[in-house]
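Please look over the sequence and the model shown below. The paragraphs after them go through selected features one at a time.

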Amino acid sequence: MKSMKAKKGLSLNTKNTLVGLSFILPNFIGFCIFIMIPVIFSFGLSFMEWDGFSPMKFVGLKNFIDLTKDSTFKISFVNTIYFALLTVPTTAVISLGLAILLNKKIKGLNFFRSSIFFPYVASIVAVAVVWNMLFQKDFGPINEFLRFIGIVNPPGWTASLDWAMPAVIIVSIWKGMGYYMIIYLAALQGIPNSLYEAAKIDGASSWQRFRYITLPMLTPATFFVIMMLTINCFKVFDLVYIMTEGGPGRSTTLLVNYIYDKAFLAWDYGSASAISIVLFIMVATITIVQFRAEKKWVSYM
């Protein structure tokens, strides 16, 4: 009798397992077709020379060695780091500030929350085109305002070698801060009010309550925000492509833009795959460092 029950139990468990697998199978198939297989193919392609038409030719580490001599790769590498270093902390700080402000009971709260979140869901094409008009050097509203307040020679923004990247960074921050504000807002609403009430009774100031209650309790949310911001900054393409196409010159060319140029303009899939592998290693390394740093941060907080 026991053996029969065991067999029935095993059969039921197997059935439940198969049912569970059937739910995730469509997503897993899509993951394999559109992500895993292309990644594996790209890794192999990085050791090949291929233009998409002629037979592949194995060249070993040549594509990676050539990158060390490629000035455009070096510039795009530096530009990507520059873009991430300015965008990640600025977006996180602004998003946190907005979340704290909109966590209070103020009139029109839902309107302000929706207004700030709206740019995140807006079409990237529409956002880039509108901001290009705002940044227009001679007749754009931003420069008109700067002239109005006394700045005689306002920046050329997307037409300037020095100001094109800051312009892209401003738009990137503006578009993404609403999403990360929502994440911080949800985390803030999960902090028990009793902690703040106890701190007030003990005579803690507003800064002390923020430093010793709010920040430590927001550590998981902050870790998620920084990690997602970093990954998104390293893979940004559409905003830069629409606003500047990597120019003027190579001042806003990022690694993903250079991968696109190599693959679909120069038809050099081997080099493009090599750059993709370098980008993958960069993102993976930064993510691992962030996971390890998060543990030390929690202990410090």
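**Loops and helix packing**

Trp157 is found in the loop between helix 6 and helix 7; helices here are DSSP runs of H or I with at least four residues, strands are runs of E with at least two, and both are numbered from the N terminus. The model is a predicted one, in which local features need pLDDT of at least 70 and side-chain atom pairs count only at pLDDT 80 or more, while totals for chains, interfaces and linings use all residues. Residues are numbered from 1 along each chain as its sequence is written, and side-chain values use heavy atoms, with hydrogens and water left out.

Phi of Trp157 is near 50 degrees, which is a positive value in a residue other than glycine. With a relative accessible area of 8%, Trp157 is buried (buried means under 20% relative accessible area, exposed over 50%, and partly exposed in between, with a 1.4 Å probe and protein chains only).

Thr158 lies in the loop between helix 6 and helix 7. Leaving aside residues up to four places away in sequence, Thr158 touches Asn132, Ala164, Ala167, Met243, Thr244 and Pro248, where contact means heavy atoms within 4.5 Å. Between Thr158 and Asn16 there are 142 residues in sequence and 57 Å in space, C-alpha to C-alpha.

Ser160 has its place in the loop between helix 6 (141–148) and helix 7. Is Ser160 buried or exposed? Its relative accessibility is 15%, so Ser160 counts as buried. A polar atom of the Ser160 side chain lies 3.2 Å from the backbone nitrogen of Asp162. Such a polar contact is a pair of N or O atoms within 3.5 Å; within protein, one must be able to donate a hydrogen and the other to accept it, and residues adjacent in sequence count only if both atoms are side-chain atoms. Ser160 and Val39 are 121 residues apart in sequence, and their C-alpha atoms are 36 Å apart in space.

The loop between helix 11 and helix 12 is the next topic. Glu245 lies in the loop between helix 11 and helix 12, and although Glu245 is not a glycine, it has a positive phi of about 55 degrees. Glu245 is exposed, with a relative accessible area of 61%.

Pro248 also lies in the loop between helix 11 and helix 12. Which residue is joined to Pro248 by a cis peptide bond? The partner is Gly247, and omega of this bond is about -5 degrees. The backbone oxygen of Pro248 lies 2.8 Å from a polar atom of the Ser251 side chain.

Ser251 itself is in the loop between helix 11 (238–243) and helix 12 (255–265). Ser251 counts as buried at 15% relative accessibility. Residues up to four places away in sequence aside, Ser251 touches Asn79, Leu161, Ala164, Met165 and Gly246.

Helix 7 can now be followed through its packing. Helix 7 (residues 164–188) and helix 10 (residues 219–234) have axes that come within 10 Å and cross at roughly 165 degrees. Axes are lines fitted to C-alpha atoms, for helices over the stretch in contact, and angles run from 0 to 180 degrees between N-to-C directions. Helix 7 and helix 10 are therefore roughly antiparallel to each other; angles under 35 degrees count as roughly parallel, over 145 as roughly antiparallel, 65 to 115 as roughly perpendicular and the rest as oblique.

From helix 7, Tyr179, Tyr180, Ile183, Tyr184 and Ala187 meet Ala221, Thr222, Phe224, Val225, Met228, Leu229 and Asn232 of helix 10. By class, this contact of helix 7 with helix 10 has 10 nonpolar, two polar and no charged residues. Ala, Val, Leu, Ile, Met, Phe, Trp, Tyr, Cys and Pro count as nonpolar, Asp, Glu, Lys and Arg as charged, and the others, Gly among them, as polar.

Helix 4 (residues 109–121) packs with helix 7 at an angle of about 125 degrees, and their axes are 6 Å apart. That angle makes helix 4 oblique to helix 7. On the helix 4 side the contact is made by Arg113, Ile116, Phe117, Pro119 and Tyr120, and on the helix 7 side by Trp174, Lys175, Gly176, Gly178, Tyr179, Met181, Ile182 and Leu185. By class, the contact of helix 4 with helix 7 has nine nonpolar, two polar and two charged residues.
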